[in-house]
Amino acid sequence: MGANADTVKDGWDAFSRGDMDAATATTSDSAEIVVPESLPWGGTYTGPDGFKEMIGKFMSNFDEVRPAPQEFIEADGGRVVVTVKGVGTTKSGNELSGDSIWLYRVDDGKIEHAEFYGDTATAVEALA
């Protein structure tokens, strides 16, 4: 793994430990975190505080959720692709599982952009 993938993986490792400060420590103040508007936690968030806000909104929709990153793939231009298997139980009692992708752009050890790609229709249905 390269340095950019390591930066992103460190954040995921901290998230899995429940340490939100460490999970967002490598997010630049001007970073944009983009989640499709069709999701209840969707929108564009800015910087570490925005990342924490998005995570909080995401978590509040679930009784239990265990996103498990599978691969951290480093590409040109500071891009890192993370494939994620997710398993969880929504507040409405439905099981939600599936694969998604996070696409990051890292510059000088800081995350500048993070964007979520996944099956939003299935997620919205499970949240109902």
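## Salt bridges, from the definition up

A salt bridge here is a side-chain nitrogen of Lys or Arg within 4 Å of a carboxyl oxygen of Asp or Glu. The structure above is a predicted model, in which local features need pLDDT of at least 70 and side-chain atom pairs count only at pLDDT 80 or more, while totals for chains, interfaces and linings use all residues. Residues are numbered from 1 along each chain as its sequence is written, and side-chain values use heavy atoms, with hydrogens and water left out.

With that rule in hand, the count is 6 salt bridges. Let's walk through some of them.

## Bridges between separate parts of the chain

Lys 91 and Asp 63 join their side chains in a salt bridge, at 3.5 Å from N to O. This pair links distant parts of the chain, 28 residues apart: Lys 91 sits in the loop between E4 and E5, and Asp 63 belongs to strand E3. Strands (E, at least two residues) and helices (H or I, at least four) are DSSP runs, numbered from the N terminus. Lys 91 is exposed at 52% relative accessibility, and Asp 63 is exposed at 53%. For these labels, buried means under 20% relative accessible area, exposed over 50%, and partly exposed in between, using a 1.4 Å probe and protein chains only.

Lys 85 also has a partner: Asp 99, with the closest N and O atoms 3.1 Å apart. Lys 85 lies in strand E4 and Asp 99 in strand E5, so this bridge ties together parts 14 residues apart in sequence. Lys 85 is partly exposed at 43%, whereas Asp 99 is exposed at 53%.

Which residue meets Asp 13 in a salt bridge? The partner is Lys 9, at 3.0 Å from N to O. Asp 13 and Lys 9 are about one helical turn from each other, because they are 4 residues apart in helix H1. Both ends are partly exposed, Asp 13 at 29% relative accessibility and Lys 9 at 28%.

## The nonpolar core

Now for the interior. A nonpolar core is a set of buried Ala, Val, Leu, Ile, Met, Phe, Trp, Tyr and Cys residues joined through side-chain atoms within 4.5 Å. The largest one has 32 residues, and those touching the most other members are Val 8, Trp 12, Met 54, Val 82, Trp 102 and Tyr 104. Elements giving two or more residues to this core include helix H3 (47–59), strand E1 (27–35) and strand E5 (95–107). H1 provides the largest share, 5 residues.

Trp 102 deserves a look of its own. Leaving out residues up to four places away in sequence, Trp 102 has contacts (heavy atoms within 4.5 Å) with residues including Trp 12, Ile 33, Met 54, Val 82 and Phe 116.
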